[in-house]
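Please look over the sequence and the model shown here before reading on.

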Amino acid sequence: MALATRTDRRPSTTRTLWDSTVGKKAVMAVSGLIMLGYLVVHMMGNLKIFFGPQEFNAYGHWLRHIGEPFLHSHWALWAVRVILLAAVAAHAVSAYQLSRRDVKARPVAYAHKRRRAGYATRTMRWGGVILGLFIVWHILDLTTLTVNERAWAGHPYENVLATFSTWYGNTLYITAMAALGLHIRHGFRSAAHTLGAGSARRDRALKALANTLALLLFAGFVSVPVGVMTGVVK
């Protein structure tokens, strides 16, 4: 007699967690914090441009050769890129699936309009789309140098000047940084609550910290194009 094939195999813990709303929110929170950590470091590195081309280009060279001679050239940089890409993908997929789940859970419109959410909350989705498109442009502009007409391989200082010497480069960058600030302002508090660090007592402090992070990152990133436009960086 042939053995019966089991079709009731239980899904793995990882799959069960991913399929749950709580799991998706946790993935969004962790991936968001990974990206936030990267942004803080990236902004601090960007500010070295105010110390002149020699120091900024030396910083760019160091990024490409972190860990040598133990690691091969660019290996550490590519490891960071892969982790960051995975975080971006996990964040975007989780956000999209949670959004679709929310729509399906409420197929009928509300009889009465809900209290209007804050501006940052209402623009989170569009802010995410803007940031996604900006990431693509930013890579093509200053990593692959595809759309940077005056790019000079191995000279990041000169390439930054070339980008922010154009009206569209400044417009795209500043718009994206504004969207980033709003995203962090709302997302940081959400991540803290999702991971159990938030509470009614801590909410005021979390709000202040989120606002401070958003403002500092916006100001830090935008200071570079403003520096180029005003001639401070030249």
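Phe-56 and Tyr-59 are three residues apart in helix H3, so about one helical turn separates them; helices (H or I, at least four residues) and strands (E, at least two) are here DSSP runs, numbered from the N terminus. Both Phe-56 and Tyr-59 are buried, where buried means under 20% relative accessible area, exposed over 50% and partly exposed in between, computed with a 1.4 Å probe on protein chains only. The model is a predicted one, in which local features need pLDDT of at least 70 and side-chain atom pairs count only at pLDDT 80 or more, while totals for chains, interfaces and linings use all residues. Residues are numbered from 1 along each chain as its sequence is written, and side-chain values use heavy atoms, with hydrogens and water left out.

The structure holds seven aromatic pairs, a pair being two rings of Phe, Tyr or Trp (its six-membered ring) whose centres lie within 6.5 Å, with planes under 30 degrees apart counted as stacked, over 60 as edge-to-face and the rest as tilted. The rings of Phe-56 and Tyr-59 make a tilted pair, because their planes stand at 50° with the centres 6.3 Å apart. With Tyr-157, the ring of Phe-56 has a centre-to-centre distance of 6.3 Å and a plane angle of 70°, so this pair is edge-to-face. Since Phe-56 lies in helix H3 and Tyr-157 in helix H7, the pair ties together parts that are 101 residues apart in sequence. Phe-56 is buried, at a relative accessible area of 7%, and Tyr-157 is buried too, at 5%. Together with Trp-62, the residues Phe-56, Tyr-59 and Tyr-157 form one aromatic cluster.

Two packed helices are described by the angle between their axes and by the distance between the axes. For H3 and helix H7 (residues 156-163), the angle is about 110° and the axes are 7 Å apart; axes are lines fitted to C-alpha atoms, for helices over the stretch in contact, and angles run from 0 to 180 degrees between N-to-C directions. H3 is therefore roughly perpendicular to H7, given that angles of 65 to 115 degrees count as roughly perpendicular, under 35 as roughly parallel, over 145 as roughly antiparallel and the rest as oblique. From H3, the contact (heavy atoms within 4.5 Å) is made by Pro-53, Phe-56, Asn-57 and Gly-60, and from H7 by Pro-156, Tyr-157, Glu-158 and Val-160. By class, five of these residues are nonpolar, two polar and one charged, where Ala, Val, Leu, Ile, Met, Phe, Trp, Tyr, Cys and Pro count as nonpolar, Asp, Glu, Lys and Arg as charged, and the others, Gly among them, as polar.

H7 itself is mostly covered, with seven of its eight residues buried. The buried residues of H7 are Pro-156, Tyr-157, Asn-159, Val-160, Leu-161, Ala-162 and Thr-163, and what covers them includes H3, helix H6 (124-142), H8 and H9. In helix H6 sits Trp-137, which is buried at a relative accessible area of 16%. Leaving aside residues up to four places away in sequence, Trp-137 touches Val-147, Thr-163, Gly-169 and Leu-172. The C-alpha atoms of Trp-137 and Gly-169 are separated by 9.8 Å, although the two residues are 32 apart along the chain.

The loops also have local features to follow. In the loop between H3 and H4 lies Pro-69, joined to Glu-68 by a cis peptide bond with omega about 5°. His-74 is found in the loop between H3 and H4 and has a phi near 75°, a positive value in a residue other than glycine; with a relative accessible area of 28%, His-74 is partly exposed. In the loop between H6 and H7, Leu-145 has a positive phi of about 65° although it is not a glycine.

Seen as a whole, the protein chain has nine helices and zero strands, and buried residues make up 30% of its 234 residues. Among contacts between residues at least 6 apart in sequence, 69% join residues at least 24 apart.
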